[in-house]
Amino acid sequence: MAVSKNEVKKLGQLSRIGIKKEEVESIQGDLEKILGFVSKLKELPVPKGDDLGAVKIPTNNVREDVSDLKGGEYTRKLLEQAPNVENGFVKVKNVLQNDQN
Amino acid sequence: MFCKMTKINLSKLNIRKAHELMQNGEVSARELLSFYLGNIKKHEKNIHAYLEVFGDAFEKAEEVDKKIKAGEEMPLLAGIPMGIKDNILIEGKKCSAASKMLEDFVAPYDATVIKKLKNEGAVFLGRTNMDEFAMGVSTEHSAFGVTKNPHDLERVPGGSSGGSAAAVAQQECFAALGSDTAGSTRQPASFCGIVGMKPTYGAVSRYGLIAMASSFDQIGPMTKTVEDAEIIFDAIKGTDPMDSTTSVGDPMSHSECVTSDLTIGVPKEFFFLDGENKGVDKDVEENTKRAIDIFKGLGLKIKQVSLETLKYAVEIYYIITPAEVSSNLSRYDGVRYGLSKNGDDVLGDYLKTREKGFGDEVRRRILLGTYVLSAGYYDAYYGRAQKARNLMKNDFEKVFREVDVILSPTTPSPAFKIGEKVDDPIKMYLEDIFTCAANLTGVPSISLPSGLSGNLPTGIQLMAPWFEENRLFELGKLFEKNQ
């Protein structure tokens, strides 16, 4: 399975993982090896289309869509874990930028 | 160290016996705890089974002692010192999944299994080492150092629940919890000579378990004996409104299990009853054959069966789980909790945080998962693997009409040397070859010590149909007695 260096960089961007230039080649090699390995699955005939076979789909155990938490019960605890907090809010850098293009 | 204890060998106790002794006042929870803390002090330097030993264990043990003194009839697990894998949340304690990403993360609530064990009065000794986010088979992928196998310090304890397995084997805890996504309780149990169990998917709540691959993960007991595993399983199982994938009602089989009436299936894709055994170590093969003979001698029928899809188990697994991993681990963004690194902008923060926070194997699986889910490759990999997974479930349903349990070795060979496979992901992935089918299909499975290869333990694995855990326990106890 050929994976190009550009694809590795693109995967890094998509999955929000920084990849150093010097790592690209070894990651490329690993991915090619693993994809080559799992490609053996192509030998196994599987049903076409959306037919998943005659498997019973497990039912979900759903609860009422209500919360029995008291308002704010976990707020302080959770905010204590946030790296950057201001006035009781989690703070992030500007998401919207004044982009000309 | 305690005069009362001189007559009682604490290392040989099972949970039921320890419970009796505590309840009768012959041993206190405090004494039992001291024994394990003593062992930790003695061995932990060499083993590194724990990432943290908790400071409040004595307090909890004393609470149990007080209640017993007051005449209370305590549950079976009261006062039992347990190790907890570092991906199961205990309120107020750190829980890092052995990752730099969560090095300082403090659990804001109890996992459901922890809540249940607390209600029983179990005492938590500490959090045990593991492969980062449960991805690995050796604990070599822990961000905080490898755990050593108590049977040979140059070898791995298995993984990902390697810390739990080593702690039980080295008597650094009475019993432990692990989690199993492809064999992560059973493979280390086999490497360390203990019992490790993966319940039916949906039998035990995953609420408060740090997710790796949500359609595979199950929490399971790791213990010295089969009965101990059964006691812990009984304590942690059950429907949970906080986990929508727990089974509704009580699906567990309560039918009486007459072991001598059972038929054991041995899949030829895993293990040949006669002829060549490709890839299985000679001692593992001999011990497995001996186990089969023991069952035969006890009146069980043995039958060679075929599960065509088993040949592709590892391939299916290593397509679907990276996909689930890439999606589950997207929550670690450095914004709300965990490690946070500063970049030029929001995107830069994400890239840097996740580059620094995740180890090589975790990054590899996220990238792989992103690849198999991406447009253009989805059908060829993920879609195909999901269909294959269903074919495998059908295969198992069919075979379980012919036989009552499936037996195989747990792993192809005993514990390998530290560093031996760490640079080759495929070699690592093949460790799951016998175990991952139970996670792909959701059936319950147990690993039992089957003997030795030199000084290293080997294991056999039993798989039963969905919610037929009692077959595993009954056969396990029978095997233990007749070993």
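Here is a short chat about chain B of a predicted model.

Student: Ground rules first: how are residues numbered and chains lettered?
Tutor: Residues count from 1 along each chain as its sequence is written, while chains are lettered from A and ligands numbered from 1 in the order in which they are written. The model is predicted, so local features need pLDDT of at least 70, side-chain atom pairs count only at pLDDT 80 or more, and totals for chains, interfaces and linings use all residues.

Student: How many helices and strands does chain B have?
Tutor: Chain B has 15 helices and eleven strands. Both are DSSP runs numbered from the N terminus: helices are H or I with at least four residues, strands are E with at least two.

Student: What share of chain B is buried?
Tutor: Buried residues are 61% of the 483. Buried means 20 or more other C-beta atoms within 10 Å of a residue's own; exposed means 12 or fewer, and partly exposed lies in between, with C-beta atoms placed from the backbone.

Student: Where is Ser184(B)?
Tutor: In the loop between strand E4 (175-180) and helix H6 (186-192) of chain B.

Student: Buried or exposed?
Tutor: Ser184(B) is buried, because it has 38 C-beta neighbours inside 10 Å. Leaving out residues up to four places away in sequence, Ser184(B) touches several residues, including Ala134(B), Gly159(B) and Ser160(B). Touching means that C-beta atoms, placed from the backbone, lie within 7 Å.

Student: New topic. What is the strand order in the sheet?
Tutor: The open sheet of eleven strands in chain B runs E1-E3-E2-E4-E6-E5-E10-E11-E9-E7-E8, with mixed pairing. Strands pair if DSSP finds at least two bridges between them.

Student: Which strands stand at the edges?
Tutor: E1 (50-53) and E8 (301-305) of chain B. Each has a single partner strand, so one side of each lacks a neighbour in the sheet.

Student: How do E1(B) and E3 of chain B pair?
Tutor: E1(B) pairs with E3 (residues 123-128) in the antiparallel sense, over three bridges. Val53(B) has Gly126(B) as its bridge partner in E3(B).

Student: And helices? At what angle do H9 and H11 of chain B cross?
Tutor: H9 (residues 313-328) and H11 (residues 360-373) of chain B cross at roughly 105 degrees, and their axes come within 7 Å. Axes are lines fitted to C-alpha atoms, for helices over the stretch in contact; angles run from 0 to 180 degrees between N-to-C directions.

Student: Which residues meet there?
Tutor: Among them, Ile319(B) and Pro322(B) are in H9(B), and Arg365(B) and Ile366(B) are in H11(B).

Notes: Contact = placed C-beta atoms within 7 Å.
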